[in-house]
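Here are some friendly notes to read with the structure open beside you. Take the points one at a time and look for each element as it comes up.

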Amino acid sequence: MRRSSADIIREYGPFPEVERVAGVTYDGRHVWFASGDRLNALDPDSGETVRAIAVPAHAGTAFDGEHLFQIAEDRIQRIDPQSGRVVATIPAPGGGGDSGLAWAEGSLWVGQYRDRKIHQIDPRTGAILRTIESNRYVTGVTWVDGELWHGMWDGEESELRRIDPRTGAVLETIDMPPGAGVSGLESDGADRFFCGSGTSGKLRAVRRPRRDAAGR
Amino acid sequence: MDSLITAAAQALAAGDPFGALNRVALREDAPALALRGIAMAQLGDLARAKALLRRAARAFGPKEAVARARCILAEAEIALVSRDLGAISGLDAARAILDRHGDRANAAHACYVEARRLLLVGRLDEAERMLAALPPSPLPIAMRAAHALVAAGIAIRRLCIGPARAALARADTAARQAGIPALLAEVESASLVLDTPAARLVARGAERLLRLDEVEALMASGALVVDASRHLVRGAGTVVPLDTRPVLFALARALAEAWPGDVPRAALVARAFRGKEADESHRARLRVEIGRLRVELRALAEIRATKRGFVLAPHSTGEVAVLARPVEGEHAAVLAFLSDGEAWSSSALALALGASQRSVQRALDELAASGTVQPVGHGRARRWMTPPVPGFPTALLLPAPMPSG
């Protein structure tokens with residue numbers, strides 16, 4: 001298992017009227033983050049928030065190329081980013097204990113915080129297709145280049161960890177500095193992770209470790 | 001934290017405890033228990049709130065020290081307002097944890113809860129040290145109001161009425177800015193104390209009621225004061241405690257009440273030895289006790305023999321006065337504490353009075369028989385109140401329950 005310390009490239013925020021960051025996703029241009037009663041779009045280059053959609057936004061956020069998905073209470077809302085309208089709603093698999101949401105390969109992947117699980121669900125019905133057990137609290141989920149990463153936050157400790165999507169075995173961990181929580185995790189598809197920092201209301205960009213040709 | 005916990009915490013912060021409860025009512029995990037506890041405290045069900053917070057503190061994992069510390073703080077605050085003064089434990093450790101993890105607002109909140117407790121049990125110096133270690137300016141506004149209220153409480157008990165008024169004015173401003181009605185009401189009821197008769201003055205055969213600022217002026221006037229609420233004699237910068245010597249105190253009080261006249265031996269015997277006829281053996285004992293009182297008061301006054309008894313002759317040219325509680329009776333001290341309008345446990349009263357729990361219990365039973373006080377609840381949860389007075393709420397400034405996630 002590889003272990004390293006987080007290389008924090010940049011910190012965004014705190015933002016006005018944002019008390020906590022609850023979920024993060026990336027649509028190719030903007031980083032969207034959930035802050036309780038709205039979804040905010042951030043330009044990661046300028047650091048400015050450029051838009052907001054007023055919608056209940058209590059945990060994980062994801063983007064499938066067309067729609068935003070947002071966990072609110074015990075449901076997952078499908079949101080049209082143009083109009084800001086909620087176009088569909090499915091039950092969240094953790095019944096409200098959900099934290100962390102990602103889109104990959106036609107499925108939604110949902111973290112179940114204190115139950116230390118990640119569910120793969122059908123984005124149309126919410127049906128659980130399979131469940132991966134982790135051994136830590138799950139506070140964010142993302143896929144990049146076929147790698148499944150999740151954010152872990154347990155009190156004073158937090159990590160980004162890559163796990164084997166079949167077995168749940170931990171393959172790699174990135175330690176966050178003490179006191180820096182992880183709430184919401186998203187990759188930009190290249191060499192950056194974006195993660196929320198819970199109640200401090202900030203967003204961080206963390207460098208994704210480079211790999212050699214053998215994948216190590 | 002997860003989705004429903006976030007939604008519930010948001011509802012709680014918006015002043016909607018029912019909304020918070022609706023979202024986590026059936027959940028038994030640690031953050032849900034903590035949220036339910038805080039919500040129940042906001043709704044005034046302190047017994048259930050305490051039980052929930054205690055369970056939450058136990059349920060948080062070993063790495064969730066801050067979350068646990070916040071539960072302990074909330075529980076301590078609830079114990080304080082329910083006058084469960086003996087039940088506050090672990091607050092020091094919780095404060096250290098909050099401080100170490102940079103949760104300054106809640107660390108300050110813990111200081112304020114501890115200072116209030118010290119104030120209630122009469123440990124003024126320690127309460128003052130607690131406040132002094134806590135700079136008020138960068139704190140949240142509600143904490144500043146709380147800070148000023150404790151400072152006012154200390155000043156009132158020290159009889160420094162000018163600083164007390166100034167502190168209450170600061171508390172009033174901060175409470176208005178914070179917009180917390182319960183806090184504002186607490187400031188108002190504290191202000192009321194300054195305008196209510198606090199003591200009864202007996203001097204030159206006449207009696208009248210004094211406000212606290214008049215008491216302060218009396219103390220500063222150089223008069224020799226026999227203080228019947230604290231059982232001491234003071235004057236010219238000297239304090240002679242007689243609280244462990246009831247016979248000497250009774251004699252001093254009788255002499256002060258009669259001043260500048262003298263007191264017949266028979267009257268002194270009756271006052272000091274509980275109404276017995278003054279026979280020869282009592283006269284001999286009186287001489288011994290007067291001799292002892294002379295030694296105790298030598299810095300303040302002489303006690304001269306007269307033809308029929310004894311007279312007090314102070315060294316200073318000032319007056320002599322007796323300061324007593326506005327209403328005296330056997331259980332005046334118990335009633336004085338209960339008059340703050342809160343529900344007290346008998347053990348908390350015993351702690352605050354420095355008396356045994358048994359004697360406090362006896363006093364409460366007698367006061368209850370005459371309808372002066374009333375019990376609330378049963379068994380260990382039993383509390384005592386004077387019949388409810390409107391306008392005596394208690395502000396709970398509960399910590400935010402969620403540190404992370």
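How many helices and how many strands are there in chain B?

1. Start with the overall picture. Chain B holds 18 helices and 11 strands. Please keep in mind that this is a predicted model. Along the principal axes, the C-alpha atoms of chain B fill a box of roughly 90 × 45 × 35 Å. Chain B has 405 residues, and 50% of them count as buried. Take the contacts in chain B between residues at least 6 apart in sequence: 56% of these join residues at least 24 apart.

2. Now turn to the pair H1(B) and H3(B). Helix H1 covers residues 3–13 of chain B and helix H3 covers residues 30–42 of chain B. Their axes come within 11 Å and cross at roughly 20°. Angles under 35 degrees count as roughly parallel, and H1(B) and H3(B) are therefore roughly parallel to each other. The crossing in which H1(B) passes H3(B) is left-handed. On the H1(B) side you will find B:Ile5, B:Ala8, B:Ala9 and B:Leu12, which meet B:Pro31, B:Ala32, B:Leu35, B:Ile38, B:Ala39 and B:Gln42 in H3(B). By class, this contact of H1(B) with H3(B) has 9 nonpolar residues, 1 polar and no charged.

3. Next comes helix H5 of chain B, residues 65–81. The 17 residues of H5(B) should span 24 Å at 1.5 Å a residue, and the end C-alpha atoms are 25 Å apart, which agrees. Why can H5(B) be called largely enclosed by the rest of the structure? Because 14 of its 17 residues are buried. B:Glu75 has a relative accessible area of 12%, and buried means under 20%, so B:Glu75 is buried. Leaving aside neighbours within four places in sequence, B:Glu75 is in contact with B:Lys50, B:Leu53 and B:Arg54. H5(B) is followed by B:Arg83, which has a positive phi, near 55°.

4. Helix H11 of chain B runs over residues 181–195. Its 15 residues reach 22 Å from the first C-alpha to the last, close to the 21 Å expected at 1.5 Å a residue. Which elements do the buried residues of H11(B) pack against? They pack against helices H7 (104–120), H9 (141–157), H10 (161–178) and H12 (212–220) of chain B. Among the buried residues of H11(B) are B:Leu183, B:Leu184, B:Glu186, B:Ser189 and B:Leu194.

5. For a strand residue, look at B:Asp227, which sits in strand S3 (residues 224–227) of chain B. Is B:Asp227 buried or exposed? B:Asp227 counts as buried, at 0% relative accessibility. Setting aside neighbours within four places in sequence, its contacts are B:Met219, B:Leu232, B:Arg234, B:Phe249 and B:Leu323. B:Asp227 and B:Arg298 are 71 residues apart in sequence, and their C-alpha atoms are 17 Å apart in space.

6. Finish with H14(B) and H15(B). Helix H14 (residues 265–272) and helix H15 (residues 280–297) of chain B pack at about 80°, with axes 10 Å apart. H14(B) and H15(B) are therefore roughly perpendicular to each other. B:Arg265, B:Leu268 and B:Val269 of H14(B) make the contact with B:His282, B:Arg283 and B:Leu286 of H15(B). The contact of H14(B) with H15(B) divides into 3 nonpolar, 1 polar and 2 charged residues.

Key
Residues are numbered from 1 along each chain as its sequence is written. Chains are lettered from A and ligands numbered from 1 in the order in which they are written. This is a predicted model: local features need pLDDT of at least 70, side-chain atom pairs count only at pLDDT 80 or more; totals for chains, interfaces and linings use all residues. Side-chain values use heavy atoms; hydrogens and water are left out. Axes are lines fitted to C-alpha atoms, for helices over the stretch in contact, and angles run from 0 to 180 degrees between N-to-C directions. Helices (H or I, at least four residues) and strands (E, at least two) are DSSP runs, numbered from the N terminus. Angles under 35 degrees count as roughly parallel, over 145 as roughly antiparallel, 65 to 115 as roughly perpendicular and the rest as oblique. Contact means heavy atoms within 4.5 Å. Ala, Val, Leu, Ile, Met, Phe, Trp, Tyr, Cys and Pro count as nonpolar, Asp, Glu, Lys and Arg as charged, and the others, Gly among them, as polar. Buried means under 20% relative accessible area, exposed over 50%, partly exposed in between (1.4 Å probe, protein chains only). A crossing is left-handed if the near helix is turned anticlockwise from the far one by less than a right angle, and right-handed if clockwise. The expected span of a helix is 1.5 Å times one less than its number of residues.
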